[in-house]
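My entries follow in the order I made them.

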Amino acid sequence: KPHLVAMPVTSAQTRPRLAPSKISMPIVQFGRTLIRTYLKYALAFSEIQLLTPEKIIKEINDFQSNQSRLIVAFRHPYGDEPQLLFHVFENLIPRLAKKLKMPLQHNPGLRLLHDYAVPLWSNAFIRFLLPRAGAMPVYHVKCDASGLSNIRSVLKDGNNPIGLAPEGQISYHSETLPRIELGTVRMGFWCASDLERAGRSEEVRILPLSIHYQYDKRDFKKVHAAVCQLESLCGMQHIEHTKGNLSLLLPLLREIERDILTKTEIFYSETYAYQIPEPVSGESEAQERQRRWDALLPAALSVAEHALGIDPGQETLVQRMYRVRFEGWSRVYPENKLDHLSPLERALVDRRTGEGWFAMRHMELVDLMSYHDESYLDYNDPAPSDDRIIESVLNLQDLCFRLMGGNFTNRPNNIRKKAIIVPGEILNLTAQMPQYRNNPKKTVQITTETLAQRFRDCIERYQQEKPC
């Protein structure tokens, strides 16, 4: 990426349209061959390990023998999970199934759900690939009746399981679970209701998968280089690092974060009259930083909402962020055609585009830092793992790049790593249909919390076993 400071988008662009979602076997077969190389050289994966793969294989066999309808719910902390899972379900699982003498009827594949904005910030190749790989778009703030009907049909009758992230988007921390959305469980109960009405006996099951990275010690020099870059970007005096021992970076990372936070507060104070919170006595340094971030993020989002004419109402911070994102992209890629506008109309549309792009810069800050957790790096004994430290360095880099106008696509991804995939206990929604018929809303909420606990169990298992 030649420019750290992103170039503003100030000209409206024709909205790209995706082809209907339908699996193209030639494309999938080509992807099966190419994905290994892509994961290694583009995404820096050195190895992939599945814990208890027989659990995944059993669920796929049940799905393929019409005993169940399967939803694969995966943690989404990094951004690379869809590509990783394509390789896992198209290549690794069939091979392991043969090795374990649990052969599958055919390659399982996944019909992945993706955020509607992915085709907008990606390129023409991705827009060509997504629908032909069977991926389907979803919206957070818009009711897309046609898209939901298609997803519901695939859930009920499709030849492949559905794959989606219950977190709703990237969550930036692999060893803590942020909030998860109700959509995964709600979709599962839709399917169970459809099957019940059709007199079919398949169970609807959710298979949780928790994904973790173990970073390669040979690339720790890149971590130190990233910290040096952060010092430079912040204008801090360079401090010589002891190479190899990442825990020695912790005080410096704390200072870098504090510097970024202070500079960001000053920006919002001088530009938008943000009132910087007064100090509170008795707080630890970590508590102080968390309180300041928690105060800053709603204010930043309010700036974007004011620019876009959005009333936040009683929505949560994340719901407000989704709405800003939707309106911002709607201005960069208007729904209406652009080719018949007069010069004056086109100039005004371009102004809307520029204002939408700049409004989304505030949203990008909130998108990352709404998941920020000061307790993730425990500065007391025992020291946090190297993997947590590297995640935190990457998040600080990401934060800097977003404040300079970038977004998730600017996030560095060049440190070699091993992916560990931990399957959780199955969630059987069909068994809960009596409760769902009696009180749908409460049952969806309770079942979603049960799914969250299954993910926490996966994280705990990973922390206990830490495979090498």
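**Strand pairing.** I began with strand 2 and strand 5 (residues 162–164), which pair in the parallel sense over three bridges. Here V72 stands opposite G163 in strand 5. I noted that two strands pair if DSSP finds at least two bridges between them. Strands (E, at least two residues) and helices (H or I, at least four residues) are DSSP runs, numbered from the N terminus.

**Ground rules.** This is a predicted model, where local features need pLDDT of at least 70 and side-chain atom pairs count only at pLDDT 80 or more, while totals for chains, interfaces and linings use all residues. Residues are numbered from 1 along each chain as its sequence is written, and side-chain values use heavy atoms, with hydrogens and water left out.

**Other partner of strand 2.** I then checked strand 6 (residues 203–215), which pairs with strand 2 in the parallel sense over seven bridges. F74 stands opposite L209 in strand 6.

**Burial of strand 2.** Is strand 2 enclosed by the rest of the structure, or open? Seven of the seven residues of strand 2 (residues 68–74) are buried, so strand 2 is largely enclosed by the rest of the structure. I looked at each face in turn. One side carries S68, L70, V72 and F74, and the other carries R69, I71 and A73; all are buried.

**Nonpolar patch.** F30, L34 and Y38 make a nonpolar surface patch of about 300 Å². Patch residues have over 30% relative accessible area and no salt bridge; nonpolar side chains (Val, Leu, Ile, Met, Phe, Trp, Tyr) are joined within 5 Å, like charges within 9 Å. Areas come from the Shrake-Rupley method with a 1.4 Å probe, and for residues only the protein chains shown count as cover. F30 lies in helix 1 (residues 25–41). F30 counts as exposed because its relative accessibility is 52%.

**A295.** I found A295 in helix 10 (residues 285–308). A295 is partly exposed, at 30% relative accessible area. Leaving aside neighbours within four places in sequence, A295 is in contact (heavy atoms within 4.5 Å) with Y274 and P277. I also took a distance to I57, 238 residues from A295 along the chain: the C-alpha atoms are separated by 46 Å.

**Salt bridges.** Side chains of opposite charge can pair when their charged atoms come close. My rule was a side-chain nitrogen of Lys or Arg within 4 Å of a carboxyl oxygen of Asp or Glu. By this rule the count comes to 44 salt bridges.

- R200 and E202 meet at 2.8 Å, N to O. R200 is partly exposed at 28%, whereas E202 is buried at 10%.
- R254 forms a salt bridge with E285, the closest N and O atoms being 3.6 Å apart. This pair links distant parts of the chain, with R254 in helix 9 (residues 250–272) and E285 in helix 10, 31 residues apart. R254 is partly exposed at 24%, and E285 is partly exposed at 41%.
- R402 and E364 meet in a salt bridge at 3.0 Å, N to O. This pair also links distant parts of the chain: R402 is in helix 13 (residues 386–403), E364 in helix 12 (residues 343–369), 38 residues apart. Both R402 and E364 are buried.

**Network.** Which residues are linked with R402 and E364 in a network of salt bridges? I listed R325, D367, D398 and R411 alongside them.

Definitions and conventions: Buried < 20%, exposed > 50% of the residue type's maximum accessible area, 1.4 Å probe, protein only.
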